[in-house]
Amino acid sequence: MEQYDGSLADRVWQRVRGESGGEPPKPGLRALAAAEAREAAVLRMLSGQIQGQDRTLLRDMAEAEQNHAACLGGIHFFTTGTQPGLRQISVPAEAPETALRKCYGRKLRALREYESRISDPEYGHVFAELARQERRHCAVILEIVGRRKR
């Protein structure tokens, strides 16, 4: 009979819950997926307020954010055996510049979160790709704002 290693089991469950020893717990995958779904809703709302090429860029980013939410939901399912159960999200309308500024800040937080998970042995490559996409989204938001302020 194999010997039970309680310390190993604790470390495994900490990893499943998105926690690491000695550090504050990281947001869970469900929270990250919900944040990405919310971001998709914000970007869709913005695409209705902005015209031309920037509208297309915002729609494309909204679709990418929805894909991020789905990807995180897939990781959540593989690690917990349950679906994250995301709900439809409605967002209040704001001035485009205000919404874009807030969106940029949320993207930076998402980028840091994904970069902090790159060392994950099973999903690190996925988090690296999500981080790469968030970097690009940050640049696109700045491009949109820069064009609007001319």
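This report describes the helix packing and the nonpolar cores of a predicted model.

The protein chain contains 5 helices and 0 strands, and from the N terminus on its elements run α-α-α-α-α. Of the 150 residues in the protein chain, buried residues make up 35%. Among the contacts with a separation of 6 or more, 75% are accounted for by residues 24 or more positions apart.

**Helix pairs**

Two packed helices are described by the angle between their axes and the distance between the axes. Two such pairs, which both involve helix 4, are set out here.

| Pair | Axes come within | Crossing angle | Handedness |
|---|---|---|---|
| Helix 4 and helix 5 | 9 Å | roughly 160° | left-handed |
| Helix 2 and helix 4 | 11 Å | roughly 155° | left-handed |

For helix 4 (residues 96–116) and helix 5 (residues 124–148), the axes cross at roughly 160°, and because angles over 145 degrees count as roughly antiparallel, helix 4 is described as roughly antiparallel to helix 5. On the side of helix 4 the contact includes P96, L100, C103, Y104, L108, L111 and Y114, while on the side of helix 5 it includes F127, L130, C138, I141, I144 and V145. Charged residues also take part, among them E97, K107 and E115 of helix 4 and E134, R135 and R148 of helix 5. Sorted by class, the residues of this contact of helix 4 with helix 5 comprise 16 nonpolar, 1 polar and 6 charged.

The axes of helix 2 and helix 4 cross at roughly 155°, so that helix 2 is likewise roughly antiparallel to helix 4. Here L32, E36, R38, E39, V42, L43, M45 and L46 in helix 2 meet P96, A99, L100, C103, R106, K107, E113 and Y114 in helix 4. The contact of helix 2 with helix 4 has 10 nonpolar and 6 charged residues, and no polar ones.

In soluble globular proteins, nonpolar side chains tend to be buried together. In this model the largest nonpolar core has 16 residues, and those with the most contacts inside it are L43, L46, L58, M61, L100 and I144. At least two residues of this core come from each of helix 2 (29–47), helix 3 (53–80), helix 4 and helix 5, with helix 2 giving the most, namely 5 residues. One of the residues named for this core, M61, is in contact with L43, H137, V140 and I141 once its neighbours within four places in sequence are left aside. Apart from this core lies another, of 13 residues, among them L29, Y114, F127 and L130.

A62 is found in helix 3 and is buried, with a relative accessible area of 2%. Not counting residues up to four places away in sequence, A62 touches A40, L43 and R44. The C-alpha atoms of A62 and A41 are 7.0 Å apart in space, although the two residues are 21 residues apart in sequence.

A69 is also found in helix 3 and is buried, with a relative accessible area of 3%. With residues up to four places away in sequence not counted, A69 touches A33, E36, A37 and L86. From C-alpha to C-alpha, A69 and A40 are 8.8 Å apart in space, and they are 29 residues apart in sequence.

Note on methods: Residues are numbered from 1 along each chain as its sequence is written. This is a predicted model: local features need pLDDT of at least 70, side-chain atom pairs count only at pLDDT 80 or more; totals for chains, interfaces and linings use all residues. Side-chain values use heavy atoms; hydrogens and water are left out. Axes are lines fitted to C-alpha atoms, for helices over the stretch in contact, and angles run from 0 to 180 degrees between N-to-C directions. Helices (H or I, at least four residues) and strands (E, at least two) are DSSP runs, numbered from the N terminus. Angles under 35 degrees count as roughly parallel, over 145 as roughly antiparallel, 65 to 115 as roughly perpendicular and the rest as oblique. A crossing is left-handed if the near helix is turned anticlockwise from the far one by less than a right angle, and right-handed if clockwise. Contact means heavy atoms within 4.5 Å. A nonpolar core is a set of buried Ala, Val, Leu, Ile, Met, Phe, Trp, Tyr and Cys residues joined through side-chain atoms within 4.5 Å. Buried means under 20% relative accessible area, exposed over 50%, partly exposed in between (1.4 Å probe, protein chains only).
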